[in-house]
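Me: I would like to go through this model feature by feature. Please give the general idea each time, and then the case at hand.

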Amino acid sequence: MVERIVKSYKVLVGMEIHVQLATKSKMFTGAANGFGGEPNSQVDPVVLGLPGVLPVMNKTAVEYAIKVGLALGCKIAKHTKWDRKSYYYPDLPKNYQISQYDLPLCNEGEFDLTLKDGTMRKVRIRRAHLEEDAGKLLHEAPGGYHIDWSIVDLNRAGTPLLEIVTEPDLASGEEVATFGQELQKLVQFLGVSHAQMQMGHMRFEPNINVHITDSQGQIHKTAITEIKNLNSFSVLQRATDFEVQRQINDWIETGSLGKKSTYGWDEASESTWKQRDKEQAHDYRYFPDPDLVPVEVSEEWLTELKSQIGELPVARRKRYIEQFGLSPADAATFAGDRKLGDFYESTLAHDARPARTGSLILSHGFRLANIRSKPVYELGLEPIVFEEVAKLIDSDAISASAAGPIFDRLLETGGGSAAAIADELGLRQV
């Protein structure tokens with residue numbers, strides 16, 4: 001028996017991320033685009049693939065995709081087209097998916113990822129292209145009843161889907177999960193996707209292989225495996241780490257480097273399982289869709305979209321730390337939500353301490369937001385009241401513990417002067 005010893009190994013993980021775009025209608029038709037609803041209620045003849053129907057491109061979806069591409073530092077193609085990706089599946093009524101093959105809308109970008117230890121990792125973006133989503137197969141009847149067949153819900157079919165593909169620049173399950181979280185914040189910040197994992201707005205597919213160095217210094221490269229449709233960051237991390245160890249153990253035990261394959265994740269056993277050997281591009285028989293015109297991106301259109309993006313979360317987070325003295329965690333909270341960040345900055349009109357004002361928003365603002373089930377910026381409290389309370393605390397006019405009752409009364413009365421309420425409640429310090 002040959003003894004195989006692992007001297008060292010290098011993990012390479014590339015990502016495929018599918019982001020559902022939050023447009024009102026679907027990618028190539030006016031059917032409603034939304035989560036939920038009665039099964040097969042958000043469909044029309046185009047979604048159903050009925051004879052004689054023609055697709056019409058959703059301009060907003062294209063603009064959303066370009067915004068993400070710009071935020072990822074991608075080159076935006078001046079000319080691109082639509083392709084038919086042919087395959088049969090019950091939740092794909094046309095028997096082909098409209099996608100982009102050799103001319104993606106966005107390509108050659110990079111994303112600066114801050115790791116847990118504070119170091120930076122550049123993640124290269126290979127491409128980001130638009131396509132339409134397929135429907136959903138259900139293997140249990142509504143209500144959880146067991147059935148001996150599968151049923152199809154086409155509400156998701158035709159939804160605008162942005163597929164982002166990275167180079168294999170990630171090296172652990174933790175890095176993969178961190179990248180997923182940062183990408184979620186980015187698309188939410190841009191307002192192009194709700195990015196709610198439990199609703200399937202984002203689905204992650206890590207492509208994993210390992211370069212194993214044996215005791216003789218020889219390098220053995222395992223075949224790439226793709227884990228399909230992961231929709232939580234915890235599962236993303238655990239599935240990646242398990243698959244890395246599975247490939248290493250498989251080489252130690254058998255010497256096999258495996259075949260390029262698609263795997264699934266079983267939560268009950270917390271393990272991956274092989275689904276099928278990986279398809280090649282020629283299996284899909286790509287060809288240009290004859291029913292759709294190419295997309296031409298002019299400089300004027302591109303300039304307009306760039307102006308709508310503004311300061312990105314990474315830059316805003318860095319500025320909050322350096323300019324306002326916020327902790328990295330607080331800066332990340334404000335930078336990750338465009339409206340919350342704008343609200344915070346509008347509380348700094350005068351000379352209150354930025355860290356104090358931020359702390360009040362994250363404590364009392366979030367407390368009241370949870371009670372009313374709405375964001376801080378929709379409570380009806382003017383930004384200036386947070387600054388006013390912060391200045392009262394900084395000047396020792398009130399104690400920090402007095403802030404709670406003051407904000408409660410401000411919310412109850414719909415506004416007013418924080419100083420007057422402090423007098424009314426007898427909260428001024430002597």
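Reply: S4 pairs with S16 in the antiparallel sense, over 2 bridges. Strands here are DSSP runs of E of at least two residues, helices are runs of H or I of at least four residues, and both are numbered from the N terminus. Two strands pair if DSSP finds at least two bridges between them. This is a predicted model, in which local features need pLDDT of at least 70 and side-chain atom pairs count only at pLDDT 80 or more, while totals for chains, interfaces and linings use all residues. Residues are numbered from 1 along each chain as its sequence is written, and side-chain values use heavy atoms, with hydrogens and water left out.

Me: Which residue of S16 stands opposite Arg 84?

Reply: Arg 84 faces Phe 287 there.

Me: What is the strand order of the open sheet?

Reply: Strands of a sheet pair through backbone hydrogen bonds, either parallel or antiparallel. In this open sheet of 3 strands the order is S5-S4-S16, and the pairing is antiparallel. Strand S5 (96-99) and strand S16 (287-288) are the edge strands, each pairing on one side only. Strand S4 (residues 83-86) pairs with S5 over 4 bridges, in the antiparallel sense. Asp 83 stands opposite Ser 99 in S5, and Ser 86 has Tyr 96 as its bridge partner.

Me: Are the faces of S4 covered or uncovered?

Reply: In a regular strand the side chains alternate between the two faces of the sheet. For S4 both faces are covered: Asp 83 and Lys 85 on one side, Arg 84 and Ser 86 on the other, are all buried. Buried means under 20% relative accessible area, exposed over 50%, and partly exposed in between (1.4 Å probe, protein chains only).

Me: How is a helix pair read, and at what angle do H8 and H9 pack?

Reply: Two packed helices are described by the angle between their axes and the distance between the axes. Helix H8 (residues 338-346) and helix H9 (residues 354-372) pack at about 130°, with their axes 10 Å apart. Axes are lines fitted to C-alpha atoms, for helices over the stretch in contact, and angles run from 0 to 180 degrees between N-to-C directions. H8 and H9 are therefore oblique to each other; angles under 35 degrees count as roughly parallel, over 145 as roughly antiparallel, 65 to 115 as roughly perpendicular and the rest as oblique. Leu 340, Phe 343 and Tyr 344 in H8 meet H9 residues including Pro 354, Ile 361 and Phe 366, where contact means heavy atoms within 4.5 Å.

Me: At what angle do H6 and H7 cross?

Reply: Helix H6 (residues 313-324) and helix H7 (residues 328-335) cross at roughly 135°, and their axes come within 8 Å. That makes H6 oblique to H7. Among the residues that meet are Tyr 320 and Ile 321 in H6 and Phe 334 in H7.

Me: Which residues touch the most other members of the largest nonpolar core?

Reply: A nonpolar core is a set of buried Ala, Val, Leu, Ile, Met, Phe, Trp, Tyr and Cys residues joined through side-chain atoms within 4.5 Å. The largest one has 66 residues, and Ile 164 and Phe 179 touch the most other members. Helix H2 (residues 59-71) gives this core its largest share, 8 residues. Apart from it lies another core, of 36 residues, including Phe 334 and Ile 361.
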